[in-house]
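Please open the structure in a viewer and keep the sequence panel at hand.

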Amino acid sequence: MLEQLGLLGLFLGCMLAATVVPFSSEALLAGALLAGYGKWTVTLVAALGNTTGGMISYTMGWLCKWEWLEKYFRVKREKLERMRDRVAKYGVWAALLTCLPFVGDLIAIAMGLMRVNPQWTLVLMFAGKFARYLADTGLLGLTGWF
(Lines give C-alpha, C1' and ligand atoms only; values in the text may rest on other atoms or scores of the structure.)
Protein backbone atom coordinates (compact mmCIF):
# COMPACT_ATOMS: atom_id res chain seq x y z
CA MET A 1 0.00 0.00 0.00
CA LEU A 2 2.80 2.45 0.86
CA GLU A 3 4.36 1.94 -2.59
CA GLN A 4 1.16 3.29 -4.16
CA LEU A 5 1.41 6.45 -2.09
CA GLY A 6 4.78 7.48 -3.56
CA LEU A 7 6.50 10.22 -1.60
CA LEU A 8 3.63 10.44 0.88
CA GLY A 9 4.17 6.74 1.58
CA LEU A 10 7.88 7.38 2.08
CA PHE A 11 7.10 10.22 4.50
CA LEU A 12 4.58 8.15 6.48
CA GLY A 13 6.80 5.07 6.58
CA CYS A 14 9.81 7.07 7.75
CA MET A 15 7.62 8.76 10.35
CA LEU A 16 6.48 5.39 11.73
CA ALA A 17 10.05 4.10 11.71
CA ALA A 18 11.06 6.89 14.11
CA THR A 19 8.44 5.96 16.69
CA VAL A 20 8.23 2.89 18.91
CA VAL A 21 6.76 0.96 15.96
CA PRO A 22 9.42 -1.61 15.01
CA PHE A 23 9.97 -0.68 11.40
CA SER A 24 12.96 0.23 9.22
CA SER A 25 12.89 3.05 6.69
CA GLU A 26 15.79 1.80 4.54
CA ALA A 27 13.57 -0.50 2.46
CA LEU A 28 11.23 2.41 1.73
CA LEU A 29 14.18 4.59 0.85
CA ALA A 30 15.45 1.98 -1.59
CA GLY A 31 11.98 1.56 -3.05
CA ALA A 32 11.61 5.30 -3.64
CA LEU A 33 15.00 5.42 -5.36
CA LEU A 34 14.14 2.41 -7.50
CA ALA A 35 10.82 4.05 -8.39
CA GLY A 36 12.82 6.87 -9.97
CA TYR A 37 12.52 9.64 -7.40
CA GLY A 38 15.59 11.85 -7.17
CA LYS A 39 18.11 11.33 -4.38
CA TRP A 40 17.68 14.87 -3.01
CA THR A 41 13.90 14.56 -2.97
CA VAL A 42 14.02 11.15 -1.29
CA THR A 43 16.55 12.40 1.25
CA LEU A 44 14.49 15.45 2.19
CA VAL A 45 11.15 13.60 2.38
CA ALA A 46 12.66 10.77 4.43
CA ALA A 47 14.37 13.19 6.83
CA LEU A 48 11.19 15.23 7.29
CA GLY A 49 9.12 12.10 7.92
CA ASN A 50 11.67 10.62 10.30
CA THR A 51 11.99 13.92 12.17
CA THR A 52 8.21 14.09 12.53
CA GLY A 53 8.22 10.59 14.01
CA GLY A 54 11.11 11.50 16.28
CA MET A 55 9.21 14.50 17.57
CA ILE A 56 6.19 12.25 18.19
CA SER A 57 8.46 10.08 20.37
CA TYR A 58 9.80 13.24 22.06
CA THR A 59 6.22 14.37 22.76
CA MET A 60 5.35 10.95 24.16
CA GLY A 61 8.19 11.37 26.63
CA TRP A 62 7.02 14.87 27.49
CA LEU A 63 3.35 13.98 28.00
CA CYS A 64 3.15 10.31 28.96
CA LYS A 65 3.44 8.75 32.35
CA TRP A 66 6.02 6.01 32.93
CA GLU A 67 3.22 3.48 33.30
CA TRP A 68 1.76 4.37 29.89
CA LEU A 69 5.12 4.09 28.18
CA GLU A 70 5.63 0.65 29.70
CA LYS A 71 2.10 -0.66 29.24
CA TYR A 72 1.01 0.71 25.88
CA PHE A 73 4.29 1.25 24.06
CA ARG A 74 6.34 -1.54 25.68
CA VAL A 75 9.22 0.77 26.53
CA LYS A 76 11.24 -0.79 29.33
CA ARG A 77 11.72 1.58 32.25
CA GLU A 78 15.29 0.36 32.89
CA LYS A 79 16.38 1.07 29.31
CA LEU A 80 14.72 4.46 29.37
CA GLU A 81 16.36 5.39 32.68
CA ARG A 82 19.79 4.43 31.29
CA MET A 83 19.12 6.50 28.17
CA ARG A 84 17.93 9.43 30.30
CA ASP A 85 21.28 9.36 32.13
CA ARG A 86 23.14 9.45 28.81
CA VAL A 87 20.97 12.28 27.51
CA ALA A 88 21.69 14.23 30.69
CA LYS A 89 25.37 14.02 29.79
CA TYR A 90 24.96 15.47 26.29
CA GLY A 91 21.84 17.60 26.69
CA VAL A 92 20.22 18.89 23.52
CA TRP A 93 23.14 17.58 21.42
CA ALA A 94 21.80 14.07 21.98
CA ALA A 95 19.14 14.93 19.39
CA LEU A 96 21.80 14.43 16.71
CA LEU A 97 21.86 10.76 17.72
CA THR A 98 18.14 10.11 17.34
CA CYS A 99 18.93 8.87 13.83
CA LEU A 100 20.63 5.78 15.26
CA PRO A 101 18.88 2.46 14.77
CA PHE A 102 17.41 0.77 17.86
CA VAL A 103 18.28 3.54 20.36
CA GLY A 104 17.11 6.65 18.51
CA ASP A 105 13.52 6.25 19.69
CA LEU A 106 14.64 5.90 23.30
CA ILE A 107 16.83 8.97 23.00
CA ALA A 108 13.88 11.01 21.73
CA ILE A 109 11.56 9.76 24.48
CA ALA A 110 14.21 10.43 27.14
CA MET A 111 14.72 13.96 25.81
CA GLY A 112 10.97 14.56 26.15
CA LEU A 113 10.97 13.19 29.68
CA MET A 114 13.76 15.59 30.56
CA ARG A 115 11.99 18.52 28.89
CA VAL A 116 15.01 19.31 26.72
CA ASN A 117 14.45 22.47 24.65
CA PRO A 118 11.96 21.42 21.93
CA GLN A 119 13.08 23.95 19.31
CA TRP A 120 16.74 22.95 19.46
CA THR A 121 15.74 19.31 19.70
CA LEU A 122 13.80 19.68 16.45
CA VAL A 123 16.64 21.46 14.64
CA LEU A 124 19.35 19.04 15.77
CA MET A 125 17.14 16.00 15.28
CA PHE A 126 16.49 17.04 11.68
CA ALA A 127 20.21 17.67 11.10
CA GLY A 128 21.13 14.19 12.33
CA LYS A 129 18.41 12.46 10.37
CA PHE A 130 19.14 14.46 7.20
CA ALA A 131 22.83 13.51 7.47
CA ARG A 132 21.85 9.86 7.89
CA TYR A 133 19.73 9.88 4.75
CA LEU A 134 22.43 11.78 2.86
CA ALA A 135 24.75 8.91 3.68
CA ASP A 136 22.10 6.29 2.86
CA THR A 137 21.42 7.75 -0.58
CA GLY A 138 25.13 8.26 -1.30
CA LEU A 139 24.89 12.04 -1.49
CA LEU A 140 27.68 12.50 1.05
CA GLY A 141 30.11 10.78 -1.27
CA LEU A 142 30.19 7.83 1.10
CA THR A 143 29.22 4.36 0.02
CA GLY A 144 25.95 4.50 1.95
CA TRP A 145 23.48 1.66 1.92
CA PHE A 146 22.73 1.91 -1.80
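A residue is called buried when its relative accessible area is under 20%, exposed when that area is over 50%, and partly exposed in between (1.4 Å probe, protein chains only). The model is predicted, so local features need pLDDT of at least 70 and side-chain atom pairs count only at pLDDT 80 or more, while totals for chains, interfaces and linings use all residues. Residues are numbered from 1 along each chain as its sequence is written, and side-chain values use heavy atoms, with hydrogens and water left out.

**First stop: helix H5**

Select Arg77 and Glu81, whose side chains meet in a salt bridge (3.1 Å, N to O). A salt bridge is a side-chain nitrogen of Lys or Arg within 4 Å of a carboxyl oxygen of Asp or Glu. Side chains of opposite charge can pair when their charged atoms come close. Both residues lie in helix H5, four residues apart, about one turn of the helix. Helices are DSSP runs (H or I, at least four residues), numbered from the N terminus. Glu81 counts as partly exposed because its relative accessibility is 29%, and Arg77 is likewise partly exposed, at 28%.

Next, select Arg82, also placed in helix H5. At 49% relative accessibility, Arg82 counts as partly exposed.

Select Tyr90, Trp93, Leu96, Leu97 and Leu100, which make a nonpolar surface patch of about 500 Å². In such a patch, residues have over 30% relative accessible area and no salt bridge, and nonpolar side chains (Val, Leu, Ile, Met, Phe, Trp, Tyr) are joined within 5 Å; like charges are joined within 9 Å. Accessible areas come from the Shrake-Rupley method with a 1.4 Å probe, and for residues only the protein chains shown count as cover.

Trp93 is in the loop between helix H5 (77–90) and helix H6 (104–113), and its relative accessibility of 54% makes it exposed. Leu97 belongs to the loop between H5 and H6 and is partly exposed, at 40%.

Now move to Phe102, placed in the loop between H5 and H6. Phe102 has a positive phi of about 75° although it is not a glycine, and at 81% relative accessibility it counts as exposed.

Select Arg115, which lies in the loop between H6 and H7. Arg115 is not a glycine, yet its phi is positive, at about 60°. With a relative accessible area of 44%, Arg115 is partly exposed.

How many salt bridges does the structure hold? There are three. One of them joins the side chains of Glu26 and Arg132 (2.2 Å, N to O). Glu26 lies in helix H2 (residues 26–34) and Arg132 in helix H7, so the pair ties together parts that are 106 residues apart in sequence.

Asp136 and Arg132 also meet in a salt bridge (3.7 Å, N to O). Arg132 is buried, with a relative accessible area of 18%, and Asp136 is buried, at 3%. Salt bridges that share partners join Glu26, Arg132 and Asp136 into one network.

Conventions: Helix = DSSP H or I, 4+ residues; strand = E, 2+ residues; numbered from the N terminus.
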